[in-house]
Amino acid sequence: FSALLGTISLVSASVLLAVSFFLHDACEMSDIITGDFEPFVGDKVATAANACFNDTNLAEAFNMTEKVNFQQKLDEGLKQLDKINVSQS
């Protein structure tokens, strides 16, 4: 009977140890990933992934704010169009 009890104890301890190692590694991995995605997805994708995770605008993350910031120019153009009187010739 003691051999059976010893075997069950050894197997259950081994399973619990394996599960605890897995859970500990998963927690460490999530801490690393939330800090920076670059080691896992590469430098090009990491910029976007980090920006999304940190709630940063993608245009700012890729330094494209000047290329997509056209609202002011559009408003100025529309104001100029409003000043044009097409009824006078």
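Why does Val-15 count as partly exposed? The tour comes to this residue after the whole chain.

This is a predicted model, in which local features need pLDDT of at least 70, side-chain atom pairs count only at pLDDT 80 or more, and totals for chains, interfaces and linings use all residues. Residues are numbered from 1 along each chain as its sequence is written, and side-chain values use heavy atoms, without hydrogens and water.

**Whole chain.** Show the chain as a cartoon: there are six helices and zero strands, in the order α-α-α-α-α-α from the N terminus. Helices (H or I, at least four residues) and strands (E, at least two) are DSSP runs, numbered from the N terminus. Switch to the C-alpha trace, which spans about 110 × 25 × 15 Å along its principal axes. The radius of gyration of the chain is 30 Å, whereas a compact globule of 89 residues would have one near 12 Å; the value is taken over C-alpha atoms, and the globule rule is 2.2 Å times the number of residues to the power 0.38.

**Surface.** The accessible area is about 7900 Å², with 62% of it on carbon and sulfur atoms (Shrake-Rupley method, 1.4 Å probe). Of the 89 residues, 6% count as buried. Buried means under 20% relative accessible area, exposed over 50%, and partly exposed in between (1.4 Å probe, protein chains only).

**Val-15.** Select Val-15, in helix H1 (residues 2–35). Val-15 counts as partly exposed because its relative accessibility is 47%.
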